[in-house]
Amino acid sequence: MPFIPHTAEDVQAMLSAIGVADLEALFDEIPKGLRCGELEGIPPGLSEMEVGRVMQARAWEDGQPLCFIGAGAYDHHIPAVVWELAGRGEFYTAYTPYQAEASQGTLQLLYEFQSMMTALTAMEVSNASLYDGASALAEAVLMAVRGNRKSKSKRVLMPRSVHPAYRRVVHTIVRNQGIELVELAFDSASGQTDLDALADHAGEDHAALVIPQPNFFGVLEPVDELTDWAHANGMLAIALVNPLAMALLQPPGEWGGAGADICCGEGQPLGAPLASGGPYFGFLCATAKLVRQMPGRIIGRTVDLDGKTGYTLTLQAREQHIRRSKATSNICTNQVLMVTAATIHMALLGAEGLERAALACHANARRLTQALCELPGVEPVFSGPVFHERVLRLPLAAGAALKSLAAHNLLGGFDLGRDYPELGDAILVCATERRSEAEIEAYRSKLERVIQAQVQTPCQLKPDW
Amino acid sequence: MSDTPTDLRYAKSHEWVRDEGDGTATVGITGHAQEMLGDLVFVELPEVGDQLKAGDDCAVVESVKAASDVYSPVSGEVVAVNEALEEAPEIINEDAFGEGWLFKVRLADPAELDGLLDAPGYDAMLAEEA
């Protein structure tokens, strides 16, 4: 039985009340070419027992591989208490609740989240989160184009060292608003944004410069120089950061002379499991000056009539239900559940715990790259300092090497061949705090065997018969 | 009794214009507009140098209830903006027709002023809306 309360008679009564013959007529306005027609290929329904069997079989396909891939999603330890608490009925919702002010506990949690993010990034304001890191960057670009009133160009400088998937998502979201992303080359030796290539754009009209920290190659950018350069050329500085790295590195609010104007990124490293790619959450912080250009929800703390502390949605005049097509964004919600986990995760670890986790990642990545680079033909591609990821060149086809490692239940890294063919057989490897010395050694020895098996070395023996 | 100043011109979208007689005009929102919006909390002004066409949205006034676009009643270049509003938008609530002005324009076509409502015309429009 369908869970729709309207009977055929109800529907007919509503249609005759508005003078329409049938339901189909309500969709007349949509051109025929845009209608998707009948859904095909949907198999018949399954019983609960059958579905259980299918899902179990699929879960087994995942296996429990040893993960050395980062590339935007990171295999961190999440203390059991994080999801035990986040899963409680009081917290268990995906969205900002309707009649938000009736849910004071949720609003207080979001307010605490915002406070933690501003502390972590040294920015003045934070929103209550966005969908993911890529769409947060797109919102940051839109925000910069609106907020930089000196710039008339609707162009934004986007380094090629920004995550390729993020660049594609940003392009998809901003292109129909006439915003142009101008690609900036990276220095082939250091892996950092090429300052010479940047200098070519001095004096041009761009709304903003995107500064990834670390960048997609794991490399740390000269953020002070880049921020000051952006400001000297009338641009806003958009920081795209790994939040865990911020526990260790200089936060965007302190970059250069004046600090970054907008800071965004992917929140997954703060308590969200990898889970086949999501759900994750994006975060977005800014200077107070830009707060009215921010998308999404912002929770404020106030007092009620009796002077008691209360929490409320604030600055809603930016939002779609009030400003309609002039809203700063069509986002009228946030990723409450993931943010709940992140807030508990950060509260549990504290500033010191986050710093220790970040340091452990850095140390493990160093161990991993040192171990792998002992192998013949394996070498780091870039000389720039890194956080917890590094690009390595292999002496054999990268795709084939990763496939062989996967056969040993080991995910050896991200193949950069498709997005950066100029780097040759290069992979991006990552080691978080979860990787033990034994696991790092397992990777080294497996890669050694793969190289021995696949690289044809000429026979060194010179037989004399 | 209407307190709509008779020396100003009015747009149907509730802006007023004062012809300064030197080729420039001052623009603000009417007393009625500020009353409808309620306590103002933020004003986004155009930039000096912006070229406006009559009917362009060129500023935003935000109150505790709503954010509303301000449309320029006349065409021309913005020559001054009321920076005091950035710190104290409530000036508009206190003195919409005076200290609460938004911006000044160098008129591209002074004849546009004749196309706007006079005080009785604006009052008649308000009476019809009420």
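Helices (H or I, at least four residues) and strands (E, at least two) are DSSP runs, numbered from the N terminus. Just after α1(A), A:G19 takes a positive phi of about 75°. The structure is a predicted model, in which local features need pLDDT of at least 70, side-chain atom pairs count only at pLDDT 80 or more, and totals for chains, interfaces and linings use all residues. Residues are numbered from 1 along each chain as its sequence is written, while chains are lettered from A and ligands numbered from 1 in the order in which they are written.

Burial comes next. A residue is buried if 20 or more other C-beta atoms lie within 10 Å of its own, exposed if 12 or fewer, and partly exposed in between, with C-beta atoms placed from the backbone.

In soluble globular proteins, nonpolar side chains tend to be buried together. A nonpolar core is a set of buried Ala, Val, Leu, Ile, Met, Phe, Trp, Tyr and Cys residues joined through C-beta atoms within 7 Å. The largest such core here has 126 residues, and A:V141, A:A144, A:I238 and A:I262 have the most contacts inside it. Helix α10 of chain A (residues 336-372) gives the most to this core, with 15 residues. Because domain 1 (80-344) and domain 2 (350-454) of chain A both give residues to the core, it lies between them; these domain bounds come from an automatic or database domain assignment. Two residues are in contact if their C-beta atoms, placed from the backbone, lie within 7 Å. Not counting residues up to four places away in sequence, A:A144 touches A:V156, A:A207, A:A208, A:L236, A:I238 and A:I262. A second, separate core of 29 residues includes B:V43, B:A59, B:I92 and B:V105.

Helix α10(A) also packs with helix α12 of chain A (residues 437-454), at an angle of about 25° and with the axes 9 Å apart. Axes are lines fitted to C-alpha atoms, for helices over the stretch in contact, and angles run from 0 to 180 degrees between N-to-C directions. The two helices are therefore roughly parallel to each other, a term for angles under 35 degrees. On the α10(A) side, A:R367, A:L368, A:A371 and A:L372 meet A:I440, A:E441, A:Y443, A:R444 and A:L447 of α12(A).

Helix α11 of chain A (residues 398-407) holds A:L405, which is buried, with 22 other C-beta atoms within 10 Å. A:L405 and A:K446 are 41 residues apart in sequence, and their C-alpha atoms are 6.9 Å apart in space. Leaving aside neighbours within four places in sequence, the contacts of A:L405 are A:L410, A:G412, A:K446, A:L447 and A:V450.

Some backbone details deserve a look too. Most residues other than glycine have a negative phi, and most peptide bonds are trans. The peptide bond from A:Q213 to A:P214 is cis, with omega near -10°, and A:P214 sits in the loop between β5 (208-213) and α8 (223-232) of chain A. Another cis peptide bond runs from A:G278 to A:P279, with omega near 0°. A:A122 has a positive phi, near 60°, and is partly exposed, with 17 other C-beta atoms within 10 Å. A:L315 also has a positive phi, near 55°, but counts as buried, with 20 C-beta neighbours inside 10 Å.

Key: Angles under 35 degrees count as roughly parallel, over 145 as roughly antiparallel, 65 to 115 as roughly perpendicular and the rest as oblique.
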